Amino acid sequence: MTNVTRRAFFKTFFSAGAALAVSGGVSQPRQAEAAIKGQIIGVCLYVPSLGKASDFVELMNTNARGDWTVHPLTGSLTDRYFKTKDLYEGARGTANTFVGAVDPGSFAVVHEAIVNSGGSFHYITYEERNRVTFSAQL
Amino acid sequence: MSNFIALPKGVTEEVFARAIKEYRALLGDDRVRTDPASLQSYMKIMYPESMDLHIPSAAMYPRTVKEIQAILAIANKYKTPLWTVSTGKNFGYGSAAPATRGQIVIDLKTMDKIIHVDEELGYCLVEPGVTYYDIQKYIKKHKMNLMISVPSPSAIVGPVGNSLDRGAGYTPYGDHFLFSCGMEVVMANGDVVRTGMGDVPNATSWQATKWGNGPYVDGIFTQSNYGIVTKMGFWLMKTPPPGGYLPFLMKFPKVEMLPEIIKTIMPLRLSQVIPNACVVVNSLLEAACYCNYDENGKPTSRDSYYRGKGILPPQVIQQIIDKCNIGAWNFYAALYGSREQVALAWKYVSGSFKAKFGNQVEIVTAKEAKDDPNFEFRRQMMMGGRSLQEFTYYNWRGGGGSVWFAPVAAARPSESYKQVKIATEVLNKYGFDYLAEYIVGWREMHHIIDLLYDRNQPEEMERAYKCYDELLKVFARHGYGIYRTNPAFMEKAANTFGPEMRKIHRTLKKALDPNNILAPGKSGINLDIPL
């Protein structure tokens, strides 16, 4: 089980990402009040050291109910760049929400993978020095 | 309430709206974007200044030279400044955000044609949106025996942008502008010029020789704002045959050994026994390169070693060296040629270092390195491969702030160590550690210092700004210029080179772009700001 702090963090993060994605809102880092339930087809990237897949699935379905798939980013940063690119391009037309919780090194390549695929961001937030959350437009 | 997130200096909302209308008539709505979401990717900066100073007003995506000519006509009409990016990365040297608020980003990633790759003579001609990875794929697909020199972000950046900013790589062709050959440039007035032999009708040697007739002009289009480069040629190396590539690492235990290391490297470098732009990496940068969050149980950031305040104490640095099994200095280089040539060169190289340092040097080749990620990263870089391992640096301190301070040193033993001492003193004064590498070129060394900080802490960001500012001043006082910088410091960096050079830059700007529409502020060249 995740602790309360982590739970609160995930709740904010996923609710914000989902609500913004579904509503088409944009840009500045901010918290959303609530997710629009039942409309989300989401893809979530995460770095395993920041949480377990089961944590992500549980919390996403609690706070931003929808059809979520989670993908761990592992391996070299080169692997992560190409995996993100593949997932982002694959999500186009099949999902409406693309979010993630990663470390700054991974975020550097995730950001470029999404931008190089023609994507942009609803928000990018440094939750802590070593934890970045984001929601990308699809 | 404005309809735009920013406006160019001196341009009213009404005038800007008219300009955007004309741009859209030319390119269509999809390729002229003013909405915040579309502009978000140009607002990720890593240097220590507020993003507010660098917000673009719009982004445009031309596909052809004709479209760029038409854009320039509109820009001249409405005086809307244009900030051109190729693939738009540049990380610690500035990302894709414009030097001043309100410029329109011309994003050339939509011009991504590989026009020609010549296997016989080893060169290519490409558009600005082509990445190194695109070229690598092309070479592989066509089974060509060629390789291209890449900078450290390798796959995800492109040769046009990198070379125009005079970036460096790690192969024998590591001085990327030096190994470029021929440009096509759209001037502010819409003229299209091809440099070198390119303007000869039906030119047959545009990428085969750098020099044309009269003054050589390619240099004025690098680190500048005198034109928009739409094609550029690059020389490619022949790939060594099997057994003809030998990357290696030498680890040295003490910081004070640097002058002797440089003294041993340079004769081998000047004689081309070591032919590549090799690197000498300090302990903390080498340690930071291991900070991949995937390696469970291994240290993943600076905090893994030290949670105290201020800079890392010497004993902690020594613990890091011991724990990571790295050197105080780590020298990466490679040998190229036939198997026999490499074997012979290796005798000279390893013999020189063993004779000088005895058991004080640890020599590592691929055999000993096995799957070490840092060795693999360097192995890839020195053969024009792809690896994004360098981005693990951003996990070291966290917070997304990184600015590369990059003075140049003459490749003399005394100079190398002097710069280390000066840099360490200034960085430590502001509470930052010294993380750096020397890229050893032909007769100079690019001293790449990564000033890592937390952008989300205003106090830390301010400290990082002041630190960079003082580094610039102190190094200039000692006779050192920097080879490249980010938009926050372009004006100040230009000043360190003296008023006469600034006058020449300005005279050229007035002659070639009198309306100041091309990237005002790039390298401190901006007709809006009096000298």
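How many bridges join strand β8 of chain B to strand β10 of chain B? In this predicted model, 6 bridges join β8 (residues 180–187) to β10 (residues 227–235) of chain B, and the two strands run antiparallel. Two strands are taken to pair if DSSP finds at least two bridges between them; strands (E, at least two residues) and helices (H or I, at least four) are DSSP runs, numbered from the N terminus. Within this pair, B:Met183 has B:Met232 of β10(B) as its bridge partner.

Both strands belong to an open sheet of chain B, in which 5 strands follow the order β5-β6-β10-β8-β9 with antiparallel pairing. Because β5 (114–118) and β9 (192–194) of chain B each have a single partner strand, one side of each is left without a neighbour in the sheet. Ignoring direction, neighbouring strands are turned by 15 degrees against each other on average. Helix α4 (residues 132–141) of chain B packs on this sheet and touches β5 and β6 (123–126) of chain B (contact means heavy atoms within 4.5 Å); its direction makes about 50 degrees with that of β5(B). Axes are lines fitted to C-alpha atoms, for helices over the stretch in contact, and angles between N-to-C directions run from 0 to 180 degrees.

Chain A also holds an open sheet of 5 strands, in the order β2-β1-β3-β5-β4, with mixed pairing. Its edge strands, β2 (66–72) and β4 (121–128) of chain A, each pair on one side only. The twist from one strand to the next averages 15 degrees. Over 6 bridges, β4(A) pairs with β5 (residues 131–136) of chain A in the antiparallel sense, and A:Glu128 stands opposite A:Arg131 in β5(A). Helix α3 (residues 77–91) of chain A lies across β1 (40–46), β2, β3 (97–102) and β5 of chain A, at about 160 degrees to β3(A). Helix α4 (residues 104–116) of chain A lies across β1, β3, β4 and β5 of chain A, at about 175 degrees to β4(A).

The largest nonpolar core has 81 residues, of which B:Ile320, B:Phe391, B:Tyr394 and B:Trp396 touch the most other members. Such a core is a set of buried Ala, Val, Leu, Ile, Met, Phe, Trp, Tyr and Cys residues joined through side-chain atoms within 4.5 Å, where buried means under 20% relative accessible area (1.4 Å probe, protein chains only). Not counting residues up to four places away in sequence, the contacts of B:Trp396 include B:Ile320, B:Arg302 and B:Leu452. Another core, of 75 residues, lies apart and includes B:Ile262 and B:Phe432.

Residues are numbered from 1 along each chain as its sequence is written, and chains are lettered from A and ligands numbered from 1 in the order in which they are written. Local features need pLDDT of at least 70 and side-chain atom pairs count only at pLDDT 80 or more, while totals for chains, interfaces and linings use all residues; side-chain values use heavy atoms, with hydrogens and water left out.

Technical notes. Buried < 20%, exposed > 50% of the residue type's maximum accessible area, 1.4 Å probe, protein only.
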